[in-house]
Amino acid sequence: MSRTVLIDGSITYSSNAQIIHSKILKELVIEFLNDLEERNESLLTFFSLFLKNEDAVEVKERYDLDQIIKMLFALSAEKIDEIDSSPFYSFPKLSDKKEQIVKFVERIYNLWRNKHRFMIQKNDYVSNGIQKIYKEMILVRNNTDFKSLITNFYRQILINVSDDRLKVLRQLPSGAQVAFSIDTPSFKDKVLNGSDSLYKVPFVWGVVFEPPVIFYTKSNKRKGIFKVIDSPILENIELENPEDWFAFPVHVGKKYILVYVYKEFLAMAAGLTNLFELAGFGIVQRKKPDGIYFYGLEDRFFEKVEYKKGVIYKEKDGTYVSLLGRDDDVDYFGYMKKMILTIHNLKVIDEGNLPIHGALAEIVLRNGKKANVMLIGDSGAGKSETLDALNRLSKEVSEVNILIDDMGSLEIDINGNIIAFGTETGAFVRLDDLQPGYAYSAIDRSIFMNPNETNARVIVPYSNYKDIIKPTKIDYFLYANNYVKAEDNSYINFFNDWESAYNVFSKGARMAKGTTAEVGLTYSYFANPFGAVQRKEKHEKIAKRFLEQMIKSGVKVGEIKTQLGVSGFEENGPTYAAKALLKLIDNQ
């Protein structure tokens, strides 16, 4: 059975018969029995009562699945002793098998809850806020009814088998974790420039979360750099079964990117909607995307094996088309986020502007002084930790407003000012990097990925689209140095010329912190392997021009030592850096 389960959101759930007659329950029982046989567990002795054809190769032929499911249905309606004494049932005697039945029910219920569960409702797209909320409330109600039906079905069986077990009732999440409203836009023009199959994929226009939303993925690290090939590919992408895909149109900064997600990776798509703004059908139907991303393509679409971990093609009209495979090792949200941001950055470079891998925050002190500070650095450089430490200095700091969390772009306005634009409305961060308790304070809005593992992550919204695309003038442009120990309390130093600044920024040195497959002191051109390194020659010219203009226009360009990768300073290093930055703003 697939890890991802799609639930029909267009019907009302009110009867146990809907569970009993569902394809999903039969597939769960088959998966459960396969697992039992593989492990050779003692519980198999119970299911020997339901053997139908011992010579059959497949579980579904070997066991009488219909009888097993009818047994569950009967137990949801009557007590086990009554079933044994009734002439209407042909099951083996069950009263002396209570412990085994309870174990079976508990295990298959947990198997269900470990699935990635999505409710899909076909619904005509609406842009009006009130109408949209009304339609989404119907989706919420259907999911609530479904959750109640599943929970009550499970509970009724346990009561009828042995009511001693239910002294405490727990309303465990058992419905859909995320619900999607889908529709197929009416395209007036062929804006996608691809095969007809791309137009047949359902487009997601509404999303409902049922917190806490927790997904367990098969990988928890991203590897490598996405290769860019300057040749077209889109005309070769023909989706055999468009109904197995979902299209997510998203705003990434000022760019529009269309993401096609194979159903098995819908957990990644759910995270996508917590990180970027969904685009409406008005955009979808008339605007050509800046980029198209296919997440979960079959092997036949890849020229080389290594391309399955992500490859980007450029169409003749300037559209970037990205492909990712269907293997377990790309089952990680980093492949969703970073590929989309790479497309964004490539478009920014094409326009002659500067993509930035960093964070931008408006820091407001209690005395009224404030500054817009941009911290540049690759994953684990200490950007988020330093801003988080600033936020905790509440006696002196009034606000730390995050305008860019991870990726943005810089432009030079008509007055020569350096202005910044963001890309994401949320953040994809390590749980360990958040201040204690923060992730749980936002548990009703967050998506947790592998919370019990190394590099556990959370996707949490922090801003709105209007704020992140608002042009923001920057005051400080600082490289986050996590590997050099700060001597003599020298946490921040500034460059007097753009050449010196370029040498530091372009080197992109960083002590790896386990967020990727890298270890030790590493180097990444301009701390940005997402577009900058693929277009290095073009990016160099842009970066030099922007650094020169920064120095000329009064932006303070320098380096801040976060010491996050220095032994003994992992905890306090960012705090020292934050205090130095606070002092700098206070003395300006």
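Leaving aside neighbours within four places in sequence, Phe294 touches Leu198, Leu234, Ile237, Leu239, Tyr260, Val321, Ser322, Leu323 and Leu324, where contact means heavy atoms within 4.5 Å. The model is predicted, so to speak of local features a pLDDT of at least 70 is needed, side-chain atom pairs count only at pLDDT 80 or more, and totals for chains, interfaces and linings use all residues. Residues are numbered from 1 along each chain as its sequence is written, and side-chain values use heavy atoms, with hydrogens and water left out.

A nonpolar core is a set of buried Ala, Val, Leu, Ile, Met, Phe, Trp, Tyr and Cys residues joined through side-chain atoms within 4.5 Å; buried means under 20% relative accessible area, exposed over 50%, and partly exposed in between (1.4 Å probe, protein chains only). The largest such core has 81 residues, and Phe180, Tyr260 and Phe294 have the most contacts inside it. Helix α12 (residues 333-350) gives the most to this core, with eight residues. Helices (H or I, at least four residues) and strands (E, at least two) are DSSP runs, numbered from the N terminus. A second, separate core holds 51 residues, including Tyr13, Ile69, Phe153 and Val208.

Next come the aromatic rings. A pair of aromatic rings is described by the distance of the centres and the angle of the planes. Rings of Phe, Tyr and Trp (its six-membered ring) pair if their centres lie within 6.5 Å; planes under 30 degrees apart count as stacked, over 60 as edge-to-face and the rest as tilted. The structure holds 32 aromatic pairs. Tyr476 and Phe494 form a tilted pair, because their ring centres are 6.3 Å apart and their planes stand at 35°. This pair links distant parts of the chain, 18 residues apart: Tyr476 belongs to strand β22 (residues 476-481) and Phe494 to strand β23 (residues 492-494). Tyr476 is buried, at 1% relative accessibility, whereas Phe494 is partly exposed, at 33%.

The rings of Tyr491 and Tyr576 are tilted as well, with centres 5.9 Å apart and planes at 35°. Tyr491 lies in the loop between β22 and β23 and Tyr576 in helix α18 (residues 573-586), so the pair ties together parts that are 85 residues apart in sequence. Tyr491 counts as buried at 14% relative accessibility, while Tyr576 is partly exposed at 31%.

Ring pairs also link Tyr125, Phe187, Tyr199, Phe203, Trp205, Tyr260, Phe281 and Phe294 into a cluster.
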